[in-house]
Amino acid sequence: MWPADGLMVDLVQKSSVLEDGTDDPLYKDARVTVSVNNFYPQGSDRDPTKVHVYDGTAQLYDPGVYKIDARLDSRNGQWNAEPGQPTPPYEETQVNAENISIKVLRDPKHPTYLKKHQNLPLCQHGDSAGRWIPEKNLPREWNPWNYVYPAEDGRVWLPYHCRLRRISHAEFTFHMSYMYPSVHWYGDSNSRRTLRPFISSGKWCHKSSDLSRLDCLCNDAPKDLFPDEWYSNMPVPHWYRIHTHGVNGSEIYMDLRQLKGTSPTDRRMIQEKDPSDERYTPDFVPPGYGLRNDYFDLYYLFTRGTKDMYGSHWGRDITSHKIREYPEASLVVFQMITWDVAFGRFDEFVEQTAKLVKRLKQVYPKASFVYRSGPYWCCRAAEGQDKKYSRLRFLAFDRHARQVFQKQLNARVWDVQGPAAQRAPENKRLDDNMPCRSAHSRAEVIHIDNQILMNALINQLP
């Protein structure tokens, strides 16, 4: 049962002082944040005149003293406004928990202690829990290839029970070419943003000088990047070949004929690293991966979750007849949620998701599946009254879809919600960090999300 009240609780590490009074340098100013997302009412919480009591759980691994950052972002079921119902304005109420603190003692021998992180096995799943640690705190002997890129605040995502390595797009393409040579990818504009690093082999928004551009922050298709005629007619439910047969090399690009500055017959090869670039940026090509003939095909279909809107609907677009036009998929990636949360009813979503998954099982009897979670939404209102975005609606829709995909399709989960939920409270709020009221992520975060997927897909190699 989902709670009537939107209680948002973060446990934030305020101090990492050890028993001898010194500061643990691994955690100094880290502000490790653990978000408590699962709250269960004790008794009824439907009567607004009575006190509502909730239980929630969180697991703390990193040593230090934690304070509670608690806020109410909705009351009495208002978070679940559906089509036809008024959307209440977004308001946060701080819950006073100043006098409560939690102390976690240091255990240097515990495998989750940060200094032992490099001893952990490689991550083979896309939904591993973790925390954000400032890159400047990491031991100097750590090679940057042994952790993923930092976010815009200089923090690195480090799972508790496994480790992520930094995988170049060239290496990823090499392994995908024989593991999953044909990928069918379904999603909305969040997926389109996710694919931009693949399209450019990591060159999209990888330089600090680019990161103030609106498309690097959150806008998926600003007019300074796309011609008006394309911008005005986007998107339509057509397949886009991210990689074309016969392209020499492993560069991945999107065949959008009107895409400014890009030719659909571009045959440029991936070049070795530009010596003017920083070594460990997302576009780096390791020696030996620069000039090859291998590739994998990725077909992208823009879909709006389970919604039938603007000419696209899974019921018409995902059929055996249409899918036979393309090479048989060895992997299917499915991203949804956003349009359903914005414009759908939960009961209709449950019904449509069951039908969608049944169709996917029929159309793709031999393929492996990856379910990409919905985006994390927090601490702001959507643009306009029509979009019914709220933090708990995103969590509720995603949890249901995730469970259905796992149970019916044995899908692996690619979780982009979890890392976003564990960011420090100030990083979740609408300010210069996220000037658009959209459900899009910043480019730096997208590069990190992609590394999670890349690790999950190819770290299972012997």
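Biologist: Where is Asn410 found?

Modeller: Asn410 sits in the loop between α9 and β15 (412-414). Helices (H or I, at least four residues) and strands (E, at least two) are DSSP runs, numbered from the N terminus. The model is predicted: local features need pLDDT of at least 70, side-chain atom pairs count only at pLDDT 80 or more, and totals for chains, interfaces and linings use all residues. Residues are numbered from 1 along each chain as its sequence is written, and side-chain values use heavy atoms, with hydrogens and water left out.

Biologist: Why is Asn410 called exposed?

Modeller: Buried means under 20% relative accessible area, exposed over 50%, and partly exposed in between (1.4 Å probe, protein chains only). Asn410 has 66% relative accessibility, so it counts as exposed.

Biologist: What makes the phi of Asn410 worth a remark?

Modeller: Most residues other than glycine have a negative phi. Asn410 is not a glycine, yet its phi is positive, about 55°.

Biologist: How do you know that the length of α9 agrees with a helix of its residue count?

Modeller: The expected span is 1.5 Å times one less than the number of residues. For the 19 residues of α9 (391-409) that gives 27 Å, and the end C-alpha atoms are 27 Å apart, which agrees. As for cover, 14 of the 19 residues of α9 are buried.

Biologist: Why are α8 and α9 called roughly parallel?

Modeller: Axes are lines fitted to C-alpha atoms, for helices over the stretch in contact, and angles run from 0 to 180 degrees between N-to-C directions. Angles under 35 degrees count as roughly parallel, over 145 as roughly antiparallel, 65 to 115 as roughly perpendicular and the rest as oblique. Helix α8 (residues 346-363) packs on α9 at about 25°, with the axes 10 Å apart. The two helices are therefore roughly parallel.

Biologist: Which residues make the contact of α8 with α9?

Modeller: Contact means heavy atoms within 4.5 Å. Among the residues that meet are Phe346, Phe349 and Leu360 of α8, and Phe397, His400 and Leu409 of α9. The contact divides into twelve nonpolar, three polar and one charged. Here Ala, Val, Leu, Ile, Met, Phe, Trp, Tyr, Cys and Pro count as nonpolar, Asp, Glu, Lys and Arg as charged, and the others, Gly among them, as polar.

Biologist: Which residues of α1 meet α11?

Modeller: His169, Glu171, Phe172, His175, Met176 and Met179 of α1 meet Met454, Leu457 and Ile458 of α11. These divide into six nonpolar, two polar and one charged.

Biologist: What makes α11 largely enclosed?

Modeller: Of its 16 residues, 16 are buried, so α11 is largely enclosed by the rest of the structure.

Biologist: How many helices and strands does the protein chain have?

Modeller: Eleven helices and 15 strands. Buried residues make up 57% of its 462 residues.
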